[in-house]
Amino acid sequence: MIKERLITGTTKLLGVIGHPVEHSLSPVMHNVALAELGLDYVYLPFPIEPQNLEVAIAGFAAVGVVGFSVTIPHKQAILSLLSEVTPIAQAIGAVNTVTRQDGKWVGTNTDVEGFIAPLQTTYHQDWSQKVAVILGNGGAARAVVAGCIQLGCASIHVVGRNVQKLEEFRHSWGNSSQAAQFQVHQWEELPKLIPQANLLVNTTPMGMYPHLEVSPLSVGEMTDLPPGAIAYDLIYIPKPTLFLQQAEKQGAIAIDGLEMLVQQGAAALKIWLHQEIVPVDTMRQALENHLMVIGNW
């Protein structure tokens, strides 16, 4: 039984910044975890408009905030306000987790860890023989590419509709050895890519609530997905998305975005608390219960 916590003058502050941020599920999972651990912390949502970001971060330092999550639209803008950014966050070009260390703000990105966690723990595969196809080329796709590189995928194919943005995406990785593993493609090239896909990831918002009847792929395109492939949708409302329903009909293994949300949050909590074990199962259960209560599952 989790004890009721009392907020006092010694309670330490964590939170999430964004605009808007009212919809964030992070307080649900983090506060349950903190309560189970019996720690005198509270995790709060902080709605911060873009023009107020710099003064807000200075204010956080002044009042002793221990750390915070970063969501849209601040993931890129926060970079210039930090004293240090980890290599993984630099590679992605975005920060989603900030912590206070030795009087300085340090930023990292736990989305990569969140993305690959279910792939590593549940599906023990030789990723060096696997082909990844990623739908979309926005910020979320950058974390997925970095995750596929970490997994050691044989090849990574990023598919988008805007030729200019695709080229910018490709060039942004520079000439590093990492960049040699992936290619960019226009959407029209999907028919030749889907049959190769061992891992098919949707990073686009297509199919997100309330647009339940939308999928980034047509039924015809999905029919070429090999049986036993993994279809991974970063969306977690609804459960399952039409994209995942289509994939399962082809014999694919489906993963939704809830596990990524849980695992990136758990990774952030470990950083803030300086401990290796946090109640991941409790965090997941709290989110599932919350989503059922509000009727989105």
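## Cis peptide bonds

Proline 20 has its place in the loop between strand E1 (12-18) and H1, where helices (H or I, at least four residues) and strands (E, at least two) are DSSP runs, numbered from the N terminus. A cis peptide bond, with omega about 0°, joins histidine 19 to this proline. A further cis peptide bond, with omega about 10°, joins tyrosine 209 and proline 210, and proline 210 is placed in the loop between E10 and helix H8 (219-222).

The model described here is predicted, so that local features need pLDDT of at least 70 and side-chain atom pairs count only at pLDDT 80 or more, while totals for chains, interfaces and linings use all residues. Residues are numbered from 1 along each chain as its sequence is written, and side-chain values use heavy atoms, with hydrogens and water left out.

## Packing of helix H1

Helix H1 (residues 26-37) packs with helix H10 (residues 258-273) at an angle of about 50°, their axes being 11 Å apart; axes are lines fitted to C-alpha atoms, for helices over the stretch in contact, and angles run from 0 to 180 degrees between N-to-C directions. H1 and H10 are therefore oblique to each other, given that angles under 35 degrees count as roughly parallel, over 145 as roughly antiparallel, 65 to 115 as roughly perpendicular and the rest as oblique. On the H1 side the contact (heavy atoms within 4.5 Å) is made by Met29, His30, Ala33, Leu34 and Leu37, and on the H10 side by residues including Leu261, Val262, Leu269 and Trp272. The residues of this contact of H1 with H10 divide into 9 nonpolar, 3 polar and no charged, where Ala, Val, Leu, Ile, Met, Phe, Trp, Tyr, Cys and Pro count as nonpolar, Asp, Glu, Lys and Arg as charged, and the others, Gly among them, as polar.

With helix H11 (residues 280-293), H1 packs at an angle of about 135°, the axes lying 8 Å apart, which makes H1 oblique to H11. Here Val28, Met29, His30, Val32, Ala33 and Glu36 in H1 meet Thr282, Met283, Ala286, Leu287 and His290 in H11, and by class the contact of H1 with H11 has 7 nonpolar, 3 polar and 1 charged residues.

## Nonpolar cores

A nonpolar core is a set of buried Ala, Val, Leu, Ile, Met, Phe, Trp, Tyr and Cys residues joined through side-chain atoms within 4.5 Å. Of the 33 residues in the largest such core, Phe115, Leu119, Val145, Cys148, Leu199 and Tyr232 touch the most other members. The elements that give two or more residues to this core include helix H4 (111-121), helix H5 (139-151) and strand E8 (155-160), and H5 gives the most, with 8 residues.

Leaving aside neighbours within four places in sequence, valine 145 is in contact with Ile134, Ile156, Val158, Phe169, Trp173 and Phe182. Apart from this core lies another, of 24 residues, among them Leu34, Ile237, Ala266 and Leu291.

## Buried and exposed residues

Aspartate 233, found in strand E11, counts as buried at 0% relative accessibility, where buried means under 20% relative accessible area, exposed over 50% and partly exposed in between (1.4 Å probe, protein chains only). Aspartate 233 and aspartate 256 are 23 residues apart in sequence and 4.9 Å apart in space, C-alpha to C-alpha.

Aspartate 102, in the loop between strand E5 (97-101) and strand E6 (104-108), has a positive phi of about 50° although it is not a glycine, and this aspartate 102 is exposed, with a relative accessible area of 79%.
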